[in-house]
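User: I am new to this structure and would like to learn how to read its features one at a time. Please show it to me first.

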2 protein chains.
Amino acid sequence: MTEKNLTERNLLEHNFPERNMTELNMPEHNMPEHNIPELDEIKQKLRQMLTPRRFEHSVNTMEVCIRLAEKYGADVKKAAIAGLVHDCAKNLDKDDILPMCEKYGIIVDEIARSQPKLLHGEIGAHMAQELLGIDDPQILAAIAEHTLGRPGMDKISSIVFIADYIEAGRNFEGIEEIRKAADESLEKAIVAGIDSTIVHVLKKGQPLHPRSILTRNWALEKLKEQENQG
Amino acid sequence: MTEKNLTERNLLEHNFPERNMTELNMPEHNMPEHNIPELDEIKQKLRQMLTPRRFEHSVNTMEVCIRLAEKYGADVKKAAIAGLVHDCAKNLDKDDILPMCEKYGIIVDEIARSQPKLLHGEIGAHMAQELLGIDDPQILAAIAEHTLGRPGMDKISSIVFIADYIEAGRNFEGIEEIRKAADESLEKAIVAGIDSTIVHVLKKGQPLHPRSILTRNWALEKLKEQENQG
């Protein structure tokens, strides 16, 4: 398996499928048609892949995605499917995670190696393609990026990232601030969500993944730009 | 001036003098003799460069450096001088910081551009060489690294990094935890110090510099190794 060190010289060059990146950089009207199966068909298959509790979280996340996509003018169907499917790899057996990364050619950095749960988004993007027949690059990117985010991520990815924090079944210290931020702007909610994760990780004495720090810095920068324009 | 974006592909390749890095990688007995002026001579010059308040902080930091160097078996004279001199660029006029970076060829990343105070360590290393006649690479690295740290930094750098947080004149929420950690291990104190900085930066809604995150992750990893050996 390819391993990767998180040094300053060599940080996270491509931690999720390069293909998505390339296609995401294409203007929307030039995009080829991508296959998006119907929601009910996906739900049926997904129910077999997840515990009832995780399936419920997925449906809840989908509902918030629909609300945020309507509010912020994103493609509602794509946001709904990405939200529904984002955790499709979450109930993988712990011992299957690294072999799955090998199978899919996912590069594992040293933090992910010590916390393999961080990899379920990237594995999930591959599983969504292989098992659920989804090949829309925006949906796949949103699944891949939902744990750490990515500087420059698009609206669909931002919406799934936020919905995962605030869906109705979630309950943790500070969640009301993130919910309130999500009513104001996607960027505010991204910062509030990552802030709550950072505080949680500090309390547990675990390493912070630099990608989530870069995602937070990017969202702060966008907020500042909006304030300067406003 | 050279500017630098903090992207995943291109993160902080060399944010302080490359020369120091190279010499620091040399085994100690192969190192050329370096010039270290006497403490009193440095103090006299330094007093002219700093406000009385900043000079007092510098002397306090030096005192903690001496104590920690004795406790953890580092070169006491080098630690003392690095602690004394670490803030020699701190009272530069705000408008002089970026021109000084240009003069010294210091690469400015986008976070440092919006918070130029972050650059006083690197500028200080150059000023210590030019104005105070110090050319010992360990001392210069400790001055350059005292704000953000560096993964893999040596004992002298670690000691200055910590002493700057806990010297007798400091007083902020959580300082007692850092002082206690410094009695247990350098790595514990580095993590505790950076944790307190992170909480402070989150409260202010400012960007986090990924280098300090990498420094924290490195110290956590060293702690884990020590626990596994112990």
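User: Is R54(B) buried or exposed?

Analyst: Burial is judged by relative accessible area: buried means under 20%, exposed over 50%, and partly exposed in between, with a 1.4 Å probe and protein chains only. R54(B) has 18% relative accessibility, so R54(B) counts as buried. Before going on, note that this is a predicted model, in which local features need pLDDT of at least 70, side-chain atom pairs count only at pLDDT 80 or more, and totals for chains, interfaces and linings use all residues. Residues are numbered from 1 along each chain as its sequence is written, chains are lettered from A and ligands numbered from 1 in the order in which they are written, and side-chain values use heavy atoms, leaving out hydrogens and water.

User: Which side chain does R54(B) meet in a salt bridge?

Analyst: A salt bridge is a side-chain nitrogen of Lys or Arg within 4 Å of a carboxyl oxygen of Asp or Glu. R54(B) meets D87(B) in this way, at 2.8 Å from N to O. D87(B) lies in the loop between α4 and α5 (94-104) of chain B and R54(B) in helix α3 (residues 52-72) of chain B, so the pair ties together parts that are 33 residues apart in sequence. D87(B) is buried because its relative accessible area is 1%.

User: Which residues are linked in a network of salt bridges?

Analyst: K180(A), E184(A) and K188(A) are linked in such a network. Within it, the side chains of E184(A) and K180(A) meet at 3.6 Å, N to O. E184(A) and K180(A) are four residues apart in helix α10 (residues 175-184) of chain A, so about one helical turn separates them. E184(A), at 42% relative accessibility, counts as partly exposed, whereas K180(A), at 55%, counts as exposed.

User: How many helices and strands are there in chain A?

Analyst: Helices (H or I, at least four residues) and strands (E, at least two) are DSSP runs, numbered from the N terminus. Chain A has 12 helices and two strands. Along the sequence they follow the pattern β-α-α-α-α-α-β-α-α-α-α-α-α-α. Chain A has 230 residues, of which 57% count as buried.

User: At what angle do the axes of α8 and α9 of chain A cross?

Analyst: Two packed helices are described by the angle between their axes and the distance between the axes. Axes are lines fitted to C-alpha atoms, for helices over the stretch in contact, and angles run from 0 to 180 degrees between N-to-C directions. Helix α8 (residues 137-144) and helix α9 (residues 155-166) of chain A have axes that come within 8 Å and cross at roughly 35°. Their crossing is right-handed, where right-handed means that the near helix is turned clockwise from the far one by less than a right angle, and left-handed anticlockwise.

User: Which residues of α8(A) meet α9(A)?

Analyst: Contact means heavy atoms within 4.5 Å. Q138(A), A141(A) and A142(A) in α8(A) meet I156(A), S157(A) and V160(A) in α9(A).

User: How many aromatic pairs does a search of the whole structure find?

Analyst: Rings of Phe, Tyr and Trp (its six-membered ring) pair if their centres lie within 6.5 Å; planes under 30 degrees apart count as stacked, over 60 as edge-to-face and the rest as tilted. The search finds two pairs over all chains. F161(A) and Y165(A) form an edge-to-face pair, 5.6 Å centre to centre with 65° between the planes. Both F161(A) and Y165(A) are buried, and both lie in helix α9 of chain A, four residues apart.

User: Which residues does S196(A) touch, not counting those up to four places away in sequence?

Analyst: S196(A) touches Y165(A), F172(A) and I178(A). S196(A) belongs to helix α11 (residues 186-204) of chain A. With a relative accessible area of 18%, S196(A) is buried.
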